[in-house]
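The structure is shown first, and the points then follow by topic.

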Amino acid sequence: MKEERERPRRDILKGGLAIGGIAATAGLPFWSKLALAQDETLVPFTDVPATFAAPPVVPGSVHFLDTREVDSFYTPVEDFYIVQHYDQPEIAEADYRLRITGLVDNPTVLTLDDIKSRPKVEIDAGFECGGNRPSVFQGLIGNARWGGTSLRDVLLEAGIRPEGIEVVFYGADKGSETIRDTQAEQHFGRSMHYTDALQPDVMLAYEMNGEPLNLYHGAPLRVIVPGWYGVANVKWLDQIHVQDRRYMGRFQARDYVTLARRDIGGVERWEERSVTRMRLKSSIIRVTRGPGGHTITGFVLNDGTPLRSVEIKVDDGPWREAEIDATSTQYSWKLFSYAWNDATSGEHTIVSRVTDANGQVQATEAEMPEKRTRWENYGQFPRTVMIS
Ligand SMILES: Nc1nc2c(c(=O)[nH]1)N[C@H]1C(S)=C(S)[C@@H](COP(=O)(O)O)O[C@H]1N2
Ligand SMILES: [Mo]
């Protein structure tokens with residue numbers, strides 16, 4: 001628990017630059033190099049069609065960001081991607097209730113004030129939609145500082161009974177689902193094994209980058225599971241239910257399910273597996289040109305395992321090490337930059353790969369197990385740029 005609220009770093013950065021008036025970026029922290037200086041320009045990707053544009057934030061629809069424009073450690077709330085599968089319910093704070101039900105010793109109903117009066121925690125967490133992919137140039141991403149309270153403490157007070165193994169999170173948003181010939185109204189729901197739900201970093205968040213959570217991101221309360229794909233972060237949370245068996249809702253058991261060829265105890269099978277922890281992934285998102293040369297920037301997301309390196313390859317050249325933002329935290333995204341000082345004019349293919357502290361290396365798409373669904377796209381993502 002943090003005693004004092006820290007301001008998001010981008011605010012500090014703005015203030016610092018205004019007062020300091022520092023001209024060069026040398027000596028400044030990594031993230032301050034991201035904002036384009038006057039003498040810097042974006043180098044065009046030739047793999048991005050001229051017509052490509054990030055959709056505006058419109059009520060009820062999906063939004064992804066233009067990753068070429070990422071220029072801060074914290075994604076501004078107005079740029080952060082938005083995904084939901086049903087409606088966007090508007091919940092009056094005064095009417096809000098969080099029900100904790102099922103196999104608990106103390107079933108509870110909490111108001112927003114009850115939740116806010118609990119000890120506050122803040123955590124930097126970046127995540128991507130499990131459906132993030134090259135066709136949107138990885139725009140279903142964001143990194144924010146989340147403020148809220150510990151889910152673990154709430155669950156411990158409710159007292160999960162010995163037979164309670166599955167913790168289900170329900171959102172207030174609803175839609176109609178058809179299963180065979182039956183139609184039923186359903187609320188968005190996701191579940192976790194109780195050992196995952198009791199991990200100390202899982203939180204009930206009511207703030208994003210120091211502001212109250214807005215409608216699009218799940219006001220007034222959502223789950224944040226650091227290190228997991230976005231789908232775990234249930235928005236408009238209004239019930240937590242503990243049960244003694246698997247939850248079978250659509251977004252747990254049928255959708256957000258990866259179908260991939262795997263070795264199952266020595267037998268090769270098509271395995272269906274729910275999207276959970278983020279897989280080790282890096283991607284290049286922008287190239288800039290300044291007086292000193294070119295800079296390649298990208299991001300890394302994973303489950304929180306420390307990283308060993310990020311490397312860049314230009315055309316058929318060797319892998320060369322990039323610099324990882326040293327101020328990144330365990331569950332934030334990790335931005336990286338590479339000083340591409342020997343760029344020659346013409347079109348080039350550039351790609352990144354990340355290696356974690358366990359020696360796991362981000363593979364190429366061709367090296368990965370055969371996969372039949374769009375979920376969990378984490379192979380290397382080659383980009384093409386034109387150097388003038
Ligand atoms: N209640 C509810 N929560 C939800 C969803 C939803 O449809 N309903 N979508 C999930 C998915 S698939 C993602 S990727 C994230 C997106 O969170 P964001 O819109 O704040 O970026 O929310 C998750 N939480
Ligand atoms: Mo998602």
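**Salt bridges and their surroundings**

Asp-66 is buried, because its relative accessibility is 11% and the limit for that class is under 20%. The model is a predicted one, and a search of the whole structure returns 18 salt bridges.

*Asp-66 and Arg-68*

- Asp-66 is paired with Arg-68 in a salt bridge whose closest N and O atoms lie 2.9 Å apart.
- Arg-68 has a relative accessible area of 23% and is therefore partly exposed, whereas Asp-66, at 11%, counts as buried.

*Asp-124 and Arg-145*

- A salt bridge joins the side chains of Asp-124 and Arg-145, with an N to O distance of 3.0 Å.
- This pair links distant parts of the chain, since Asp-124 belongs to strand β4 (residues 121–128) and Arg-145 to strand β5 (residues 141–150), 21 residues apart.
- Both Asp-124 and Arg-145 are buried.

*Glu-370 and Arg-372*

- The side chains of Glu-370 and Arg-372 form a salt bridge at 3.2 Å, N to O.
- Glu-370 is partly exposed, its relative accessible area being 45%.
- Arg-372 counts as exposed because its relative accessibility is 53%, the class being defined as over 50%.

*A network of shared partners*

- Glu-177, Arg-250 and Asp-255 are joined into one network by salt bridges that share partners.

Methods
Residues are numbered from 1 along each chain as its sequence is written. Chains are lettered from A and ligands numbered from 1 in the order in which they are written. This is a predicted model: local features need pLDDT of at least 70, side-chain atom pairs count only at pLDDT 80 or more; totals for chains, interfaces and linings use all residues. Side-chain values use heavy atoms; hydrogens and water are left out. A salt bridge is a side-chain nitrogen of Lys or Arg within 4 Å of a carboxyl oxygen of Asp or Glu. Buried means under 20% relative accessible area, exposed over 50%, partly exposed in between (1.4 Å probe, protein chains only). Helices (H or I, at least four residues) and strands (E, at least two) are DSSP runs, numbered from the N terminus.
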